[in-house]
Amino acid sequence: MIHSTAIVDKSAKLGANVEIGPYSIIGADVEIGDGTVIGPHVVVKGPTTLGKNNRIFQFSSVGEDCQDKKYAGEPTRLVIGDNNIIRECVTIHRGTVQDQGLTQIGDDNLLMAYVHVAHDCMVGDHVILANNTTLAGHVHVGDWAILGGFTGVHQFCHIGAHAFTAVNSVVVQDVPPYVMAQGHNAVPRTINSEGLKRRGFTSEQILNIKRAFKLLYRQGLTVAEAVSQMQELNAAELGPLIEFVQQSRRGIIR
């Protein structure tokens, strides 16, 4: 159902059972998948692709030009997957040609009120961004990560899978997978044990992750030394952690 006060560009492609609420604007080059519900007073600007069964609440701005002074109107994109909940007043910007020209959000994510996702961000699946979380440009967030309310993430930082940040954290370096971080600037506190249990990690796997955390943060080792000893544990669940640390460009939080 499209409300009589909504404005939908003729070039927009709407799937089956899409709802567009009062006073919402769907721009050119927008594609919206089946079952997606757009609330009132929402603006979706293209080129943007929304998957199936998303719900976008009132006053959100999705697919707008980025806030990068280098942006000169290039036709960059926003791609959002399926089953996402985007709450009130969320802002999500398209990419820039300085990166891949793409901002991307996966499936089954919850973006709470007033979240901002800047240009060229890559957000995985099953991510929770709590109220007022702000991702600067080029930030990557791994699957199942949870960022507490008012978390601010510096540009180009990466947040690993299953990581967790406490409320009001300021992230200026990469947060490895499984790690709980807190503070201004954010520092590692422990591992996200409860989250790992909920996602089916075994006691042995969680123990191995705890051992890896101690190697990385509690035994005075260099990062290279910690990685070497983590490899000796020969635990598959440490593979993503080791790879993340080895590939970190900004360096991990310490």
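Predicted model: local features only at pLDDT ≥ 70, side-chain atom pairs only at ≥ 80, totals over all residues.
Strand β6, spanning residues 37-38, is joined to β9, spanning residues 55-56, by two bridges, and the two strands run parallel. In general, strands of a sheet pair through backbone hydrogen bonds, in either a parallel or an antiparallel manner.

Stepping back from this pair, β6 and β9 take their places in an open sheet of 10 strands, ordered β3-β6-β9-β12-β15-β18-β21-β24-β26-β27, with mixed pairing. The edges are formed by β3 (19-20) and β27 (186-191); each has a single partner strand, so one side of each remains without a neighbour in the sheet. Helix α2, covering residues 203-217, packs on the sheet, where it touches β26 (179-183) and β27. The direction of α2 makes about 145 degrees with that of β27.

Attention now turns to a pair of helices. Helix α3 (residues 223-233) and helix α4 (residues 239-247) have axes that come within 10 Å and cross at roughly 160 degrees. With the cut-off for this class set at over 145 degrees, α3 and α4 are therefore roughly antiparallel to each other. Their crossing is left-handed. On the α3 side, the contact involves V223, V227, M230 and Q231, which meet L241, I242, V245 and Q246 of α4. Sorted by class, the contact of α3 with α4 comprises six nonpolar and two polar residues, with no charged residues.

Definitions and conventions. Residues numbered from 1 in each chain as written. Heavy atoms only, no water. Pairing = 2+ DSSP bridges. Helix = DSSP H or I, 4+ residues; strand = E, 2+ residues; numbered from the N terminus. Contact = heavy atoms within 4.5 Å. Axes fitted to C-alpha atoms, helices over the stretch in contact; angles between N-to-C directions. Parallel < 35°, antiparallel > 145°, perpendicular 65-115°, else oblique. Left-handed = near helix turned anticlockwise from the far one by under 90°. Nonpolar A, V, L, I, M, F, W, Y, C, P; charged D, E, K, R; others polar.
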